Amino acid sequence: MQIYADNAATTKMSPAAIDAMLTTLRETYGNPSSLHSVGQQAAEVLADARGRIAARLGCEPSELIFTSGGSEADNQALRGAARLGAAKGKKHIISTAFEHHAVLHTLRRLEKEGFTVTLLDVHENGIVTPEQVQAAIRPDTCLVSVMYANNEIGTIQPIAEIGRVCREAGVLFHTDAVQAVGHLDIDVKAQNIDMLSLSAHKFHGPKGVGALYLRKGIYLEPLIEGGAQERGRRAGTEDVPSIVGMAAALDEACEHRAEHTARLIPLRDKLIAGLAAIPHAALNGDAEKRLPGNVSFCFEGIEGESLLLLLDDKGICASSGSACTSGSLDPSHVLLAIGRVHDVAHGSLRLSLDESVTEAEIDYMIQAVTETVAYLRGISPVWRELQSGARDYIIA
Ligand SMILES: Cc1ncc(COP(=O)(O)O)c(C=O)c1O
């Protein structure tokens, strides 16, 4: 048996998206900027995809800028809005401690360029409140960026309310909705969102393509200079087949969302209940305000990486929050942001499900994780110390 439970990292492409891409690759090879008929055919296909994606977000087609994915959309939004703010003498930015690195590293760069960044603390339940945002806004604040749903612990932020606070204060509001689009309600107008980042490969679309929603009337300096594509806001010939694949995947995700969510939540909750029965285990993030497919746990006395590798041997593809891109052994900044101490944060596991998961697979994952945690604890010196009383348990 192989169970792919790492859908927050990326998803398997939907057959409908693959078909749409293949048709476009075969038949629509023109450059949408060319004036001849082959080019204009590509421009029409591109316009159709743009219109469909815009309709799913509740925006106008002209408010979408296609990008190479979520990271580029985040970079464009933050750098562009920061520059806009600086031109008005406003150089303060608010975000949160548990954003994706595409946001956090961009903010770090902006700090080096003279901006001041306030990173809001995240509550233990993995949620940032509108009141926190309100209290942090200063006269020189130019931008607030708060993610819609967290990629590690799946918690969902009160985006519409945070958007309202920003709108009332006259501050631009960006949300990294990479984990939310296709999975949660999105209506950029009703939710008071000025800028929103999305990425196709998180909703069964292709990798390397995404979009930035940019509210009409906001003019950002382009990150990528060159041709006049995307109304002069992002240079480079559009990847028409990938954009068509993204539109097909998003249509499918949105059309079946209610039914997928209704099926997924009880299965997710069964998995949570099963893993919560392991002694000294704790769910990360709010039990209800979380993505329908996200299960994130910390198990005391073990290393997440070892758990991950042993689960892979048992056919389960999962992820550990403590995996570190830099090669150092620092635990996940997300788990630290919700108050997990280093020792506990190291023993983390994320299982991110998609709608194809079955009850038999949930049962298998509960059994495999329970057995593997017990095995790892059996060979762990830390666990021995905890059991002997030489160390105190952190997770009750
Ligand atoms: C919340 C969040 N933001 C941004 C990104 C980056 O998206 P991409 O891989 O399309 O660059 C990811 C991907 O993991 C993500 O989960």
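I started with E230, which makes a salt bridge to R50, with the closest N and O atoms 2.8 Å apart. My rule for a salt bridge is a side-chain nitrogen of Lys or Arg within 4 Å of a carboxyl oxygen of Asp or Glu. The pair joins distant parts of the chain: E230 sits in helix α7 (residues 229–232) and R50 in helix α2 (residues 37–57), 180 residues apart. With that rule I get a count of 21 salt bridges.

Ground rules before going on. This is a predicted model, where local features need pLDDT of at least 70 and side-chain atom pairs count only at pLDDT 80 or more, while totals for chains, interfaces and linings use all residues. Numbering runs from 1 along each chain as its sequence is written, and side-chain values use heavy atoms, with hydrogens and water left out. Helices (H or I, at least four residues) and strands (E, at least two) are DSSP runs numbered from the N terminus.

Next, the ligand. I find 13 residues around the ligand, and the closest are G70, S71, D176, S199 and K202; near means a heavy atom within 4 Å. By class, I sort the shell into two nonpolar, eight polar and three charged residues. For the classes, Ala, Val, Leu, Ile, Met, Phe, Trp, Tyr, Cys and Pro count as nonpolar, Asp, Glu, Lys and Arg as charged, and the others, Gly among them, as polar. Helix α3 (residues 70–87) gives the most to this shell, with three residues.

Then I checked polar contacts (N or O pairs within 3.5 Å; within protein, one atom must be able to donate a hydrogen and the other to accept it, and residues adjacent in sequence count only if both atoms are side-chain atoms). A polar side-chain atom of D176 is 2.6 Å from a ligand nitrogen. K202 puts a side-chain N or O atom 2.6 Å from a ligand oxygen. G70 uses a polar backbone atom instead, 2.8 Å from an oxygen of the ligand. The protein covers 85% of the 390 Å² of accessible area that the ligand has on its own (Shrake-Rupley, 1.4 Å probe; for residues, only the protein chains shown count as cover).

Strand β6 (residues 172–176) pairs in parallel with strand β7 (residues 195–199) over three bridges; I call two strands paired if DSSP finds at least two bridges between them. D176 stands opposite S197 in β7. The whole sheet is open, with seven strands in the order β2-β8-β7-β6-β5-β3-β4 and mixed pairing. β2 (64–67) and β4 (116–120) are at the edges with a single partner strand each, so one side of each has no neighbour in the sheet.

I also looked at an open, antiparallel sheet of three strands, ordered β9-β10-β12. β9 and β10 (residues 294–299) pair over three antiparallel bridges, and A282 has C298 in β10 as its bridge partner.

Last entry: helix α14 (residues 381–388). S380 caps its N-terminal end, with a side-chain oxygen 3.3 Å from the backbone nitrogen of V382. After α14 comes G389, with a positive phi near 90°.
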